[in-house]
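Work through the exercises below with the model open. Each has a task, then a solution in steps.

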Amino acid sequence: MARKSQVPSAYYGEPRKFDPTFRGPVYNRGCTDVLCCVLFVIVILGYIALGTVAWIHGDPRKVIYPTDSTGQFCGQKGTPNAKKAILFYFNILKCASPAVLINLQCPTTQMCVSKCPDRFATYTDMQLLYRFNKSHWDYYKQFCKPGFNNPQKSVAQVLRDEDCPSMIVPSRPFLQRCFPDFITRNGTLTVANKTAFKDALDTARSVTELRDAANGITSIHEAKEVGMKIVEDYASCWYWIVIGLFIALVISLIFILLLRFTAGFLLWFIIFAVILLVAYGIWHCYWEFAVLRETPGADVTISDIGFQTDLHVYLQLSQTWLVFMVTLGLTEASIVLMLIFLRKRVRIAIALLREGSRAISYIMSALFYPIITFVLLAICISYWAMTALFLASSGDAVYKVASGNPNCKYANQTCSPESFNRTNITKQCPGAQCLFAFYGGESLYHRYIFILQLCNLLVFLWLVNFTIALGQCTVAGAFASYYWARRKPADIPPCPVFSSFSRALRYHTGSLAFGSLILAVVQLIRVILEYLDHKLKGAHNAFARFLLCCLKCCFWCLERFIRFMNRNAYIMIAIYGKNFCTSAREAFYLLMRNVVRVAVLDKVTDFLLFLGKLLIAGSVGVIAFFLFTRKIPIIQEEVPVLNYYCVPLLTVILGSYLIAHSFFSVYAMCVDTLFLCFSLDLEKNDGSTARPFYTTNTLRKILKKRRLARRLAIGNERPSYKINQVLINY
């Protein structure tokens, strides 16, 4: 008989001695990573202070309301502009694009008005008509500066002082600003049925100049119409969307419950159902492609038609269905190949999921813990958004020199409206004005607004990762208490989720904050790299772009690795109650001693759960498709007619996937915890009376039997007496 020393010890999973004192998770714990806990509390208090300072200095009205040239809000209650909620531009021809208008950087006077002009008129025409009918001035002066009431002032002086606009054109409010009312008639762009008009100097101007001045306004208007139609669709079918999400919730719950009794059958059913569903999609796409290939005009490519607001146009192209068919074909081939090469490990994963379903059946409250995580994440996101908004709107009114002359050396320099006319700027740059630009300042606080925004982002990422870590540690602790219970379910502690939550928050806040901080720093670096990549898109330095791409790839891989290690470190914290570094080190070595876990658990098990999420989202999506397209005769009349049924359909599919993901994330954490507990159980106990195993017979048979067989195959030796006894017993 071969001696035990002839078989490599690494394959026995016994690189260290048994710990006779180990009987399960440690309940008599102490606080871990206290310094990081103190730092975390200080940062939270500082974050609250930052939000308070931003709230004192900031004013969201600066973002919500448009601002005129003097820095006054349009439409704000309690001000002279309370009934003037729309911003009017004296000479829109000076504006280069809608983006310039929205950012209030157009080099012309801006004034709050109650309504936009509805006719063509010039100041010269108004003076001529004023002699016969004073009502023309009464209409025109509402677009002049407040207090100006001299219609006989010369045109040159009015244009120099910009007391009134040189001309007005028919406009309508958009984004609380007056834009020319463009209408296309018989393929010709018009404004109030005119294609040409005259300015105050009696110069002929075309509507095309208005369109060029407001470059892109037509596409923005179309986007607005699409947005309004989408809002209408949501308003008319929101209750059907809620019903679809509720169905997804019920199906997810039923799926989790069925796994308790029919895990093997249900998972194999999911696998073949997904294969058949994707195969049907391939057949349907081929059928549509074959039909459209014979249809005249359907061979136009997607790039030829460009962006279209009517999404149905793309469904009339054969290339669209060809892309769908190729995508689904690659998906089908990937699924089939994975099942062929991993068929043995799929059976192991099914056994793990069956054991996980048994644990969940005893701790059903764990399924609803994601609601707490969702609430905490909503609070973090809301606080971060409000703080960022108040920081962005902090400061006093800053005025800049605006000039239509590109050679003006004073352009964009800070100026004072009170003393601007007494400077030499108006002489050297004729037509220059001192206009409101933005809200800011030169104080220490305003100079470091960008740094404060980065701090806001870093703390936000830290809190988000801490919330996720708290959830993972809580769920891991609850299922660890299940595994280490000698008699299941009699020895499971009452309220295991609440007990685990209290234990994690009381003893391990510092450890969770430590792991979250490492991940948050890496994520912040990735955000900065994305920002730099966005800024360097127009650069021609190929080496810089290549280096930035490599850095982005490296930090993406680093983030994925840290996420994986943090997840397992939190499980070890929930079991042992040690600090983060020790738990991460022990988790890493444990994974290296059980490398098969990486392939079996993190790949195959996650793949099966992904198929379950895909099946739930796909089945609910199919029901929603037939519902929104009014193809269900029973309720056909109850379903409203939609402009774009794709938008609510995608909402239902995405929402269903997220609901299934929230349930299955608990399931995945349960399986991870059970596997790590099982690996620890095999290393700490030997199955004797003094040190019996805590695992169930089913899980031990499947995992340990294969493990021993692999050791024998690698060692190329006959089994020792101990291994023979284990194989006989199982």
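**Exercise 1. Sort the lining of the largest pocket by residue class, then locate the pocket.**

Step 1. The lining of the largest pocket splits into 27 nonpolar, twelve polar and nine charged residues. Ala, Val, Leu, Ile, Met, Phe, Trp, Tyr, Cys and Pro count as nonpolar; Asp, Glu, Lys and Arg count as charged; the others, Gly among them, are polar.

Step 2. The model is predicted: local features need pLDDT of at least 70 and side-chain atom pairs count only at pLDDT 80 or more, while totals for chains, interfaces and linings use all residues. Residues are numbered from 1 along each chain as its sequence is written, and side-chain values use heavy atoms, with hydrogens and water left out.

Step 3. The volume of the largest pocket is about 1,800 Å³. A pocket is an open set of points on a 1 Å grid over the protein atoms alone, with protein on both sides within 12 Å along at least five of seven lines; a cavity is a set where a 1.4 Å probe fits but cannot get out; lining residues have an atom within 4 Å of a point. Points are joined across faces, edges and corners, and a volume is the space filled by probe spheres set on them.

Step 4. Of the 48 lining residues, Ile 468, Gln 472, Arg 567, His 661 and Ser 665 are the closest to the centre of the largest pocket.

Step 5. Elements giving two or more residues to this lining are H8 (217–293), H13 (369–392), H16, H18 (509–535), H19 (542–576), H21 (596–628) and H22 (646–684). H22 gives the most, twelve residues. Helices (H or I, at least four residues) and strands (E, at least two) are DSSP runs, numbered from the N terminus.

**Exercise 2. Find which element gives the most to the lining of the second largest pocket.**

Step 1. The second largest pocket has about 1,500 Å³ of volume.

Step 2. It is lined by 36 residues, and the closest to its centre are His 284, Trp 321, Leu 328, Phe 625 and Leu 649.

Step 3. Two or more lining residues come from each of H8, H10 (312–315), H11 (318–341), H21 and H22. H8 gives the most, with nine.

Step 4. By class, this lining has 24 nonpolar, ten polar and two charged residues.

**Exercise 3. Describe the lining of the largest cavity.**

Step 1. There are three cavities of 30 Å³ or more. The largest holds about 100 Å³.

Step 2. Among the residues that line the largest cavity are Phe 88, Phe 90, Met 167, Cys 178 and Pro 180. Strands S1 (86–89), S4 (167–168) and S6 (177–180) each give two or more residues.

Step 3. The lining has nine nonpolar residues, two polar and no charged.

**Exercise 4. Identify the members of the largest nonpolar core that touch the most others.**

Step 1. A nonpolar core is a set of buried Ala, Val, Leu, Ile, Met, Phe, Trp, Tyr and Cys residues joined through side-chain atoms within 4.5 Å. Buried means under 20% relative accessible area, exposed over 50%, partly exposed in between (1.4 Å probe, protein chains only).

Step 2. The largest core has 100 residues; Phe 479, Trp 484, Leu 512, Ile 575 and Tyr 667 touch the most other members. H16 (residues 449–483) supplies the largest share, 19 residues.

Step 3. Beyond its neighbours within four places in sequence, Phe 479 is in contact (heavy atoms within 4.5 Å) with residues including Ile 360, Ile 363, Val 666 and Leu 674.

Step 4. A second, separate core has 21 residues, including Ile 86, Phe 143, Val 155 and Val 158.
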